[in-house]
Amino acid sequence: MSLFSLTGKNAVVLGGAGVLGCDVARGLAANGASVAVADLSLENAQALASSLNTNGGKCSAYRVDAMLAESLQEVCDQVVDDFGQIDILVNAVGGNSKAATISNEVDFFNLPIPALQNVVNLNLFAGAILPSQIFGKVMTGNADGGSIINVSSMNAFRPLTRIAGYSAAKAAVSNFTQWLAVYLAQAGYPMLRVNAIAPGFFLTEQNRFLLTDEKSGELTERGQKILAHTPMNRFGNPEDLIGTLIWLASDASKFVTGIVVPVDGGFSAYSGV
């Protein structure tokens, strides 16, 4: 089990105070890592870091705007000063926008391009490319390598209706993950690995009332369709990601790079027949 230990390793979680980022940070800290929680909301990052420190972890909070290279560079420099070596980078920044979503009022042909560009920028550039450039450059100096973990989505495998920009952006995240893994290995950094997790459908406070009726608690039509195509017949919980995350972050996966791991209850394997 020592293969899975993160004791002595330092992790950065960008979007660390978000819906999934919080559980990622908790999971890393619980398995021994020191964690830098970086988020657009410093207040939320500080609250999470404080709770992790109370439970015996070593965590610090930072404000970052992952859309800005200079903000990422500033935080990277601060983390290096505070922690020294960065061993693990989890890129958990992402999300969709109502303005980039097809509705009864707006069809694909009328989706505003600036809204689509913002979603792509958030998920692809802020959620993968920019932090991998800035933190990844520092991590190339590690004698023992490291692990960069991106967050893709089931939308990269099976694009959902209505969210064209988000689906395209997450497909790009998966492709970029593979590209960067090959690039780093061939550029002389084979021990700096790059992989991604592709969550299925997780019931969170953010999407609860899209999937379940606010009054009755029963599944909405969209929620029913999702479960009908999920062989395990349940939504995921954020903590369901932690086992895969620990595996990818630890030496247990030291010969694994360039993969996208579905954590989806079988959704991506099911044809519907």
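This is a predicted model: local features need pLDDT of at least 70, side-chain atom pairs count only at pLDDT 80 or more; totals for chains, interfaces and linings use all residues.
Leu 72 illustrates how the packing is arranged. When residues up to four places away in sequence are set aside, Leu 72 touches Leu 14, Val 64, Asp 65, Ala 66, Leu 130, Pro 131, Ile 134 and Phe 135.

After helix 1 comes Gly 32, which has a positive phi near 105°.

Because 6 of its 8 residues are buried, helix 8 is largely enclosed by the rest of the structure. The buried positions in helix 8 are Ile 242, Thr 244, Leu 245, Ile 246, Leu 248 and Ala 249. Among the elements that cover them are helix 1, strand 4, strand 5, strand 6 and strand 7 (260–263).

The cysteines can be considered next. A disulfide is a covalent bond between the sulfur atoms of two cysteines. The criterion applied here is a pair of cysteine sulfur atoms within 2.5 Å, and by this rule the model contains 0 disulfides. The cysteine sulfur closest to that of Cys 22 belongs to Cys 59, and at 12 Å it is too far away for a bond. Cys 59 is likewise in no disulfide, its nearest cysteine sulfur being that of Cys 22. Cys 22 is buried, because its relative accessibility of 16% falls under the 20% limit. Cys 59 also counts as buried, at 7% relative accessibility.

Asn 142 is located in the loop between helix 4 (113–139) and strand 5 (146–151). Despite its place in a loop, Asn 142 is buried, with a relative accessible area of 11%. Beyond its neighbours within four places in sequence, Asn 142 is in contact with Gln 85, Ile 86 and Asp 87.

The loop between strand 5 and helix 5 contains Ile 163, which is buried at 12% relative accessibility. With residues up to four places away in sequence excluded, Ile 163 touches Asn 96, Thr 101 and Asn 155. Ile 163 and Thr 212 are separated by 49 residues in sequence and by 19 Å in space, C-alpha to C-alpha.

The backbone angles of two further loop residues may also be noted. Most residues other than glycine have a negative phi. Arg 162, although not a glycine, has a positive phi of about 80°, and it lies in the loop between strand 5 and helix 5. Asn 233 is not a glycine either, yet its phi is positive, at about 60°. Asn 233 is found in the loop between helix 7 (221–228) and helix 8, and it is exposed, with a relative accessible area of 54%.

The account ends at the surface. Met 1, Leu 3 and Phe 4 form a nonpolar surface patch, with about 350 Å² of accessible area together. Leu 3 belongs to the segment before strand 1 and is partly exposed, with a relative accessible area of 46%. Asp 81, in helix 3, is exposed, with a relative accessible area of 66%. Asp 81 and Lys 58 are 23 residues apart in sequence, and their C-alpha atoms are 15 Å apart in space.

Technical notes:
Residues are numbered from 1 along each chain as its sequence is written. Side-chain values use heavy atoms; hydrogens and water are left out. Helices (H or I, at least four residues) and strands (E, at least two) are DSSP runs, numbered from the N terminus. Buried means under 20% relative accessible area, exposed over 50%, partly exposed in between (1.4 Å probe, protein chains only). Contact means heavy atoms within 4.5 Å. Patches are made of residues with over 30% relative accessible area and no salt bridge: like charges are joined within 9 Å, nonpolar side chains (Val, Leu, Ile, Met, Phe, Trp, Tyr) within 5 Å. Accessible areas come from the Shrake-Rupley method with a 1.4 Å probe; for residues, only the protein chains shown count as cover. A salt bridge is a side-chain nitrogen of Lys or Arg within 4 Å of a carboxyl oxygen of Asp or Glu.
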